[in-house]
Amino acid sequence: MAILAKPSCTLLFILTVSVIVVYTTIRSRLSHPTANPAAVKNLYYRNAFLSFSSEYTVAAYLHHLTLQPHLAGTPAAINTALYVKAQFEAHGLETRFSNYSTLLSYPKHSSVSAQFSNDTIISLPLAEPNVPQNGVVMPYHAYSPSGTAYGKAVFLNYGREQDYRALSANGVEVRGCVGIVRRGCGLSRYEVVENAAAYGVAAVLMYTEGGPLSDINNSFRGGVERGTVMKGFGDPLTPGWAGISGGEKLDPSDPRVTQRFPSIPSLPVAEAVAESILSSLEGPIVPYEWRDNLNGRIRRVGPGPTMLNFDYEGEQKLATIHNVFGVIRGSEEPDRIVLLGNHRDAWTYGAVDPNSGTATLLDIARRYARLLRLGWKPRRTIVLCSWDAEEFGMIGSTEWVEQNLVNLGSKSVAYLNVDCAVQGPGFFARATPQLDDLLVEVTKKVKDPDLNNVILYERWRSAKKGINIQRLSGIDSDFAPFLQNAGVPSIDLYYGSDFPVYHTVYDSYNWMTNFGDPSFQRHIAVTGVWGLLALHLADDPVLPFNYLSYAAELLEYKTLLNNLLEGRISLHPIDAAIKEFTAAANKTEEDSKELRENENVDESLVLRKRMLNDRLMLAERGFLDSDGLQGRPWCKHLIYGPHGDTGSKVEFFPGIIDATSQSTRLDEEERQAAIRHEIWRVARAIQRAACALKGELTRG
């Protein structure tokens with residue numbers, strides 16, 4: 001499909017007139033003796049930023065980015081890096097490359113054949129049908145070990161511990177079988193495969209359900225979801241330090257490397273392929289507790305009689321990945337940094353994941369360049385970050401964070417992430433709580449992309465769950481190293497909760513223009529929110545953080561935790577720490593209000609604002625613990641982080657939740673001691689954050 005037509009002359013006229021009106025209004029306000037010139041200028045630039053929107057331009061960026069598949073470590077990936085660099089340079093931005101040598105994984109050969117009960121043998125299709133491959137990588141799981149298996153097919157549901165217990169209760173023996181697993185319930189691919197290995201399964205075939213088979217989803221049932229099965233994130237050869245060329249690297253056979261990869265092979269398959277196997281199984285009927293999620297289908301779990309012959313050969317090799325940066329230097333506080341990030345690499349064409357985000361990042365660069373030509377000079381430095389190799393496990397961003405950890409810890413204001421800018425309808429946001437108020441206020445300035453004469457905030461508020469800002473406990477995008485290792489306040493934005501072509505060859509420009517965002521108005525909305533957030537964080541003299549929101553969240557978490565523990569273990573340490581944090585948040589909010597209202601520009605006031613901003617900026621670092629989470633020491637944030645217990649849906653205090661679920665083999669005294677220790681660790685983290693908010697050394 002051709003890219004969108006250029007905006008009409010009428011539209012350009014309206015935009016021009018609106019800018020003139022805003023400029024005239026501001027000029028008149030500047031002449032008023034009570035006006036705050038800096039605030040009026042900032043308002044002018046923000047309105048101008050919104051007026052510079054162009055769906056044609058965003059569409060053109062996305063069209064170019066998706067001309068070829070661009071898997072990390074391939075020549076096509078280099079081309080997209082050079083394209084982003086060229087765009088930054090064309091807009092006059094200071095541009096940098098940051099390259100790393102990392103261990104990536106690629107397929108060489110794969111095949112699966114099925115022998116049915118009538119002795120018919122069929123070679124199962126593994127690639128998407130009726131699509132020119134054009135350099136598309138065959139469906140595979142990155143970092144899967146090579147291997148072969150021949151065994152009965154067995155349905156493992158989601159591959160959770162409870163699913164294996166249910167199978168065992170029904171007399172189903174899975175050892176030596178080839179397991180069929182559907183994606184879901186929050187388990188990573190690594191966890192699914194390692195659970196299978198623990199129960200003696202020989203190999204795994206993994207499929208993704210399309211949900212209710214609507215016309216759109218049904219059209220893409222042949223899609224196959226590629227993905228990584230590596231545990232954790234970052235280059236496996238350089239855990240905890242950057243994978244720079246010529247630097248220290250672990251041997252690939254080192255246990256610290258191999259333990260991050262599953263011990264049995266796996267492959268992704270299309271839902272239709274999985275269905276052809278599952279419909280042939282005999283044995284017990286699926287356990288009752290599985291049936292609600294089977295779309296009304298009652299099937300049997302096996303094992304067999306269908307036999308599967310599985311063969312996969314892959315290779316791991318060093319490859320160079322490329323991060324690209326566009327920098328706008330701050331005029332007054334150049335050592336304070338606001339970061340906007342999106343990854344660029346894709347399993348296939350990546351129109352949704354991730355280049356809808358890349359296109360919006362480039363449009364922000366274009367709009368900021370126009371502001372610079374109008375005379376805008378941001379107070380603080382803005383860095384636009386284009387990451388590589390995210391799909392393999394957030395490798396590009398993680399290596400950069402590890403290399404720049406000290407400077408990030410002392411200088412970064414916030415990290416604003418957009419991965420898939422547009423997946424479908426509905427606005428979604430995740431954030432650390434001190435940014436909630438800013439996020440809400442910004443959505444009041446952006447038009448809703450799907451309804452005329454409605455602002456985004458009104459549509460968001462009227463949604464089923466209302467204003468529902470989620471938290472950042474997962475490790476599913478590039479905010480993870482910033483928040484969970486460096487303690488940088490973070491936001492993640494996106495339109496649409498999911499999409500049927502995820503990680504498949506159908507994630508193309510054609511899908512976006514037909515289904516995802518034909519008018520590109522959702523892209524415009526994300527660009528507006530993302531860009532305005534950064535303008536506030538870069539230009540507001542007092543950072544727009546509100547830690548009272550954080551205090552309220554912590555108090556709610558304590559209440560929920562007390563209910564979970566049924567009051568059997570005292571939460572007094574956390575309770576006392578939250579009271580201290582709340583008092584510090586109240587005092588900080590009072591100080592912020594006073595300094596925001598004080599328009600003097602004398603040296604002492606500038607210094608006071610700087611000191612207050614340091615408190616606001618650094619408080620998040622207090623939630624880090626040097627030992628990290630048990631079994632996941634790289635993740636150091638004790639409020640938000642990934643759980644070791646994949647069955648838990650609790651999104652806070654991961655160390656405490658792990659202790660409650662992983663200490664079942666201990667006697668009661670040891671179990672309570674483990675939980676109490678984690679409670680004290682969280683209490684100390686909250687106290688550290690409170691001390692940072694106060695900005696004072698403790699006395700005794």
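Trainee: Ala-60 is found in helix α3, residues 55–65. What makes a stretch count as a helix here?

Mentor: Helices are DSSP runs of H or I with at least four residues, strands are runs of E with at least two, and both are numbered from the N terminus. This is a predicted model, in which local features need pLDDT of at least 70 and side-chain atom pairs count only at pLDDT 80 or more, while totals for chains, interfaces and linings use all residues. Residues are numbered from 1 along each chain as its sequence is written, and side-chain values use heavy atoms, with hydrogens and water left out.

Trainee: Why is Ala-60 called partly exposed?

Mentor: Its relative accessible area is 25%. Buried means under 20%, exposed over 50%, and partly exposed in between, with a 1.4 Å probe and protein chains only; Ala-60 is therefore partly exposed. Ala-60 is also 8.4 Å from Ala-359, C-alpha to C-alpha, although 299 residues separate the two in sequence.

Trainee: How do you know that the span of α10 is close to the expected one?

Mentor: Helix α10, residues 355–374, has 20 residues and reaches 29 Å from its first C-alpha to its last. Gly-375 follows α10 and has a positive phi, near 110°.

Trainee: What makes α10 largely enclosed by the rest of the structure?

Mentor: Of its 20 residues, 16 are buried, so α10 is largely enclosed.

Trainee: Why are α4 and α10 called roughly parallel?

Mentor: Helix α4, residues 75–90, packs on α10 at an angle of about 20°, with the axes 9 Å apart. Angles under 35 degrees count as roughly parallel, over 145 as roughly antiparallel, 65 to 115 as roughly perpendicular and the rest as oblique. The pair is therefore roughly parallel, and α4 passes α10 in a right-handed crossing.

Trainee: Which residues of α4 and α10 meet?

Mentor: Tyr-83, Val-84, Gln-87 and Phe-88 in α4 meet Thr-358, Leu-361, Leu-362 and Ala-365 in α10; contact means heavy atoms within 4.5 Å. By class, six of these residues are nonpolar, two are polar and none is charged.

Trainee: Why are α10 and α17 called oblique?

Mentor: The axes of α10 and helix α17, residues 521–539, come within 9 Å and cross at roughly 55°. That angle makes the two helices oblique to each other. The crossing in which α10 passes α17 is right-handed. Among the residues in contact are Thr-360, Ile-364 and Tyr-368 of α10, and Thr-527, Trp-530 and Ala-534 of α17. The contact has eight nonpolar, six polar and two charged residues.

Trainee: How do you know that Asn-157 is buried?

Mentor: Asn-157 has a relative accessible area of 1%, so it is buried. Asn-157 is in the loop between β4 (147–155) and α5 (161–169), and its phi is positive, about 55°, although it is not a glycine.

Trainee: What makes Asn-453 exposed?

Mentor: The relative accessible area of Asn-453 is 85%, so this residue is exposed. Asn-453 lies in the loop between α13 (436–443) and α14 (456–461) and has a positive phi of about 60° without being a glycine.

Trainee: Where is Pro-354, and what is the omega of its bond from Asp-353?

Mentor: Pro-354 lies in the loop between β10 (333–343) and α10. The peptide bond from Asp-353 to Pro-354 is cis, with omega near 10°. The bond from Gly-302 to Pro-303 is cis, with omega near 0°, and Pro-303 is in the loop between α9 (271–278) and β9 (307–328).

Note on methods. Expected span 1.5 Å × (residues − 1). Axes fitted to C-alpha atoms, helices over the stretch in contact; angles between N-to-C directions. Left-handed = near helix turned anticlockwise from the far one by under 90°. Nonpolar A, V, L, I, M, F, W, Y, C, P; charged D, E, K, R; others polar.
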